[in-house]
Amino acid sequence: MEGETAVEDSNKIPDSEVKEDPTDAPEGDANPEKADEEKPEGDEGKAAEGEPAADQIEELTEDAEALKQELEKIVVVTPPQPPRPEEKFDPADFPPSYKDNLPKELLVLQYVDNFRRQYVHLYRDRKPLFLNPVNEFGVEKFVCTTIRPTQLHFKELYNWDGAAEFVADYLDFDTLDPPYEIPTRMLSPATVLKRQRGNCFEYSTLLCSLLIAAGYDAYVVNGYATRETCIGDETREICPLLKKKEEIRPEETKREMKKYSVKPPKDLRSKFILKMEARKREVPESFFIEPFTGISHSVMSPNYLGIESVWNNFNYWSNMQDCSEGVGKISYDLGDCTCWEYMFPGLDKPILQIPEADDDLLDDDDEDKDADVEKHLDMPPSWVEPLRLIQRDFEMRCPQGKKLKLYKRAKLEKFAHYLMKDGLVCRLSVYDNRELTDLVMVKEYYQHREDKLYQRIHNHRSGWITESFFAGRAHCLKEHQYKASAPGPENERTMLFFHEARVDGLEKRVETATEMTEHFIDRDDFLYYKHVIFGKRPKKFGPQESSAPNANPRPIVKMVIKFRRNPAKIANDDVAEMVFLCAEDKIQLTYHTEHSNIAASTRDYIKPPNWDEKGAILNWAADMHQTFQVDPHAEPSKQVKLYEFLVYLLKEEEKCRERVRESEDEVREILNEREKEEAASDLEISVYDTERNEKARTHRRELEQRLLEEKLRKQEMEIDYLAPFLAQMGDPEKISRAQAYKLKEDCLADLKQRLIDKANLIQARFEKETHELQKKQAWYQQNQVSMSKDDEEDYLNYCSEAMFRIHILELRLNRHKEIAPHKYMALEQRLRNDPRLAEYF
């Protein structure tokens, strides 16, 4: 028995296979980690302040009352302040429940029971239909209402291939028991997501829910398949990563019909063309999707032997056709009642359409418009809660983060993101035999690497390793091919670069032990090719002067550079190729060819003996130059120009030699960087990923620890209010009664004076601000007529700021006057309770 998912014409989804996996995956935990509990703030300073609660009434002592009356004499007047805006909130909440059947669901179950009785009566020799299994709570639910379309917020699930691959990787499958009978229970897609396990029907229902939400016209298919398909045995199949992607067929344009053209006859053939709504996404043709593998299959696939029924979230269809010869000859026109029996008659069932005619031209004028619409029972809403998946579980992809699949002469290993230290997410091993012992090639795929590496291919037969990189590296490296046995410099290797991001436009560099070739694109000097031939290093005797790589560079024997055609120059003046024969002290030039000529002009130079002396005057002779001119009527170049051109060529040779040495140094830098990157294998972690960003988490913990230590330190180093007064008495070991009374009076008197001084200070600042404001207002009254708009705006801004400061000072003074008596009483009480003075009071 096989549960499948089918995508119709423009929407058809592959059959879901039943795969066996002996490893039980743990249930997915959708609950985020609990945050650290907040700790209450310390109450330090409250005792010293001595501020009572609002509901407490405390009588003032005689001294405190005198202090209060003295503070009441300080009065300030300030203008009123506008009220603050009120804060608003927008709450949201929704709790779903699906444990009971609604009245409409009970009515649908009656329809289902009637449909089953008629089906059994007509087809006694066929298997029973899969209609209303029980859910997690033992409640019967119709399979159509079990589909819960939910669009998750991951872009990978928007396309059918991404959604199918996710379902195949994220879940472990359970085989049916027995495998030839339909199950009696089917869990909801939400529960399947949490458990990360399911049978073929649960796989298909989950995938169908994702595809319908993504806009596809998807169906769950119940039928029969081969043994390999049902048990998930892919050892006879080729790995999908080794298959070449099929070319997308261009869509045929519709034939335009003129207004008065003859209408074509109605096409009565079954074409399995569904009526598409605006929200549906079109696909080239109908196909099956195998949820266990995430691979699409043709509707003619021999892996599927028969179909019993199909359904989506709107209707249920039973197959009335003979499947003795497989599914290749089945008609998939769900609107044909002779082939498919629908459960709910309605307008939502697929119907035939004429493929090449517009609907506006084929509609009858009066027949369809006046037809009475018959009302039918529609499908109740899904009882399943919306699918939920957190980012951490989505990135895990596989149960326990790992999954192994065996194919024909291949083994595929998948890993969750960030599970492997080097960022490995997939490894494909290709073998030469079915026993998987003769290794041929290994393909490794990476993600989130700081060095931008995303693929490495190691061919064990040839020994070549190919590494591919994303854009963003220091040297714009795109691909690196080298021998595994000789990864160092001055060996066989090929490097591809992102030439758009490089200043020199380098696209490709090929290097061997004796040669180096570089290819360029879109350069201003039209250079596109450079080839260098190296000689053997001369042996040096004696102590080695330096161990640097460039201390004894490879000697350059020959350099060849080629240029593209420059349309601003004539062909005889536009150099096509320069050959620097360094070992022979010769320079050869070849110019571009005119369209009317079959040969190109050439020019050869012999370098003078003193060409390498700096600042020396070059010796020139007529036999040092040889020219072949294609145009016999062209005037020969003068000796002065030939000499100047030779000087230019010598400079170009020196520049070319410097560029070659820079290329050699760049190769060494790239190899050194790659060696360090492979040793470190650092991964990129987003600053928003608080779970994996170890640096941010460590920094946050350090800050919390510092705050806690600072709080404890303040509590331990609380100020002793008697210390300065005891110091005046010489810090006696034991305090007498007279000393105790004197300490109390001095301490209270000091506090009283400080409170009065603070009030006077606030009053002085208030009076100063008020005086400055009045002075500014008087100045404004005198100069109001002659003031400019800017001066007036400055005056208004000053008044606003001054009023704000005056208001703050007033609030501080009133607050101080209110709490000062209570501070005085609190200190008096603390003195009475102090263990050093308690015996005298």
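The side chains of R554 and E511 form a salt bridge with an N to O distance of 3.5 Å, a salt bridge being a side-chain nitrogen of Lys or Arg within 4 Å of a carboxyl oxygen of Asp or Glu. R554 is located in the loop between β21 (527-534) and β22 (556-563), whereas E511 belongs to strand β19 (residues 506-511), so the contact ties together parts that are 43 residues apart in sequence. Both R554 and E511 are buried; buried means under 20% relative accessible area, exposed over 50%, and partly exposed in between, with a 1.4 Å probe and protein chains only. Helices (H or I, at least four residues) and strands (E, at least two) are DSSP runs numbered from the N terminus.

The model is predicted, and local features need pLDDT of at least 70, side-chain atom pairs count only at pLDDT 80 or more, and totals for chains, interfaces and linings use all residues. Residues are numbered from 1 along each chain as its sequence is written, and side-chain values use heavy atoms, with hydrogens and water left out.

By the salt-bridge rule, the count comes to 57. One of these joins R805 and E769, with N and O 3.1 Å apart. This pair links distant parts of the chain, R805 being in helix α15 (residues 789-833) and E769 in helix α14 (residues 737-783), 36 residues apart. R805 is partly exposed, with a relative accessible area of 30%.

D113 is partly exposed at 32% relative accessibility, and R117 is partly exposed at 49%. Elsewhere, salt bridges link residues into a network whose members include E413, R427, E444, R449 and D451.

Strand β24 (residues 586-591) pairs with strand β23 (residues 575-581) in the antiparallel sense over six bridges, where pairing requires that DSSP finds at least two bridges between two strands. F580 stands opposite I587 of β24. The two strands β23 and β24 form a hairpin with four residues between them, and D585 in the turn has a positive phi of about 55°. β24 is also joined to strand β25 (residues 602-606) by five bridges, again antiparallel, with D604 in β25 as the bridge partner of Q588.

In a regular strand, side chains alternate between the two faces of the sheet. In β24, I587, L589 and Y591 make up the covered face, while K586, Q588 and T590 make up the uncovered one.
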